[in-house]
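Please keep the sequence and the structure at hand while reading.

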Amino acid sequence: MFETGSKYYTTCIVLNNCFFDKGKVLLAKHKSSGSLVAIKHFNLEDVCQEQYDLIIGEILHMRQFKHPNIISCLTSYAVNFDLYIISP
């Protein structure tokens, strides 16, 4: 089980920007399992309503579809205006 909260992950490196430079993709290690994960981090203060709707839609699709060619969402969480999406 992948917990929600930054205290459960150690950030290794910033991989790239995403979503028109509104977010960052981080490589991190899940502390309890040692698994490497990708974390998409968005500051929701920087996005408009249309962009927010697209981000939420992406989370819903990642959770809904179980296919080897679609990245899944292990968990997601928000802290104040920061949104984190954890993927394998």
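Contact here means heavy atoms within 4.5 Å. Leaving aside its neighbours within four places in sequence, glutamine 51 is in contact with Phe19, Lys22 and Asp46. The model is a predicted one, in which local features need pLDDT of at least 70 and side-chain atom pairs count only at pLDDT 80 or more, while totals for chains, interfaces and linings use all residues. Residues are numbered from 1 along each chain as its sequence is written, and side-chain values use heavy atoms, with hydrogens and water left out.

**Sheet and helix**

Helices (H or I, at least four residues) and strands (E, at least two) are taken as DSSP runs and numbered from the N terminus; two strands pair if DSSP finds at least two bridges between them. On this basis five strands form an open sheet with antiparallel pairing, and their order is 1-2-3-5-4. Strand 1 (9-18) and strand 4 (75-79) are the edge strands, each of which pairs on one side only. Neighbouring strands are turned against each other by 25° on average, direction ignored, where axes are lines fitted to C-alpha atoms, for helices over the stretch in contact, and angles run from 0 to 180 degrees between N-to-C directions. Helix 1 packs on the sheet, where it touches strand 3, strand 4 and strand 5, and its direction makes about 25° with that of strand 5.

| Strand pair | Bridges | Opposite residues |
|---|---|---|
| Strand 2 (residues 23-30) and strand 3 | seven | Glycine 23 and phenylalanine 42 |

Strand 4 and strand 5 form a hairpin with two residues between them, and asparagine 80 in the turn has a positive phi of about 55°. Asparagine 80 is exposed, with a relative accessible area of 74%; in this report exposed stands for over 50% relative accessible area, buried for under 20% and partly exposed for values in between (1.4 Å probe, protein chains only). Phenylalanine 19, in the loop between strand 1 and strand 2, also has a positive phi of about 55° although it is not a glycine. Most residues other than glycine have a negative phi, and most peptide bonds are trans.

**Nonpolar cores**

A nonpolar core is a set of buried Ala, Val, Leu, Ile, Met, Phe, Trp, Tyr and Cys residues joined through side-chain atoms within 4.5 Å. The largest core has twelve residues, among them Cys18, Phe19, Val25, Phe42, Ile55, Met62 and Leu83. Helix 1 (49-64) and strand 5 (82-87) are the elements that give two or more residues to this core, and helix 1 supplies the largest share, three residues. Apart from this core lies another, of eight residues, including Tyr9, Ala28, Tyr77 and Ile86.

**Aromatic pairs**

Rings of Phe, Tyr and Trp (its six-membered ring) are counted as a pair if their centres lie within 6.5 Å; planes under 30 degrees apart count as stacked, over 60 as edge-to-face and the rest as tilted. The structure holds three aromatic pairs. One of them joins tyrosine 77 and tyrosine 84, which are stacked at 4.9 Å centre to centre with 20° between the planes. Tyrosine 77 is buried at a relative accessible area of 8%, and tyrosine 84 is buried at 14%. Ring pairs also link Phe19, Phe20 and Phe42 into a cluster.

**Salt bridge**

How many salt bridges does the structure hold? There is one, the term being used for a side-chain nitrogen of Lys or Arg within 4 Å of a carboxyl oxygen of Asp or Glu. Lysine 40 and glutamate 58 form the salt bridge, their closest N and O atoms being 2.4 Å apart. The pair links distant parts of the chain, with lysine 40 in strand 3 (residues 36-43) and glutamate 58 in helix 1, 18 residues apart. Lysine 40 counts as partly exposed because its relative accessibility is 22%, and glutamate 58 likewise counts as partly exposed, at 23%.
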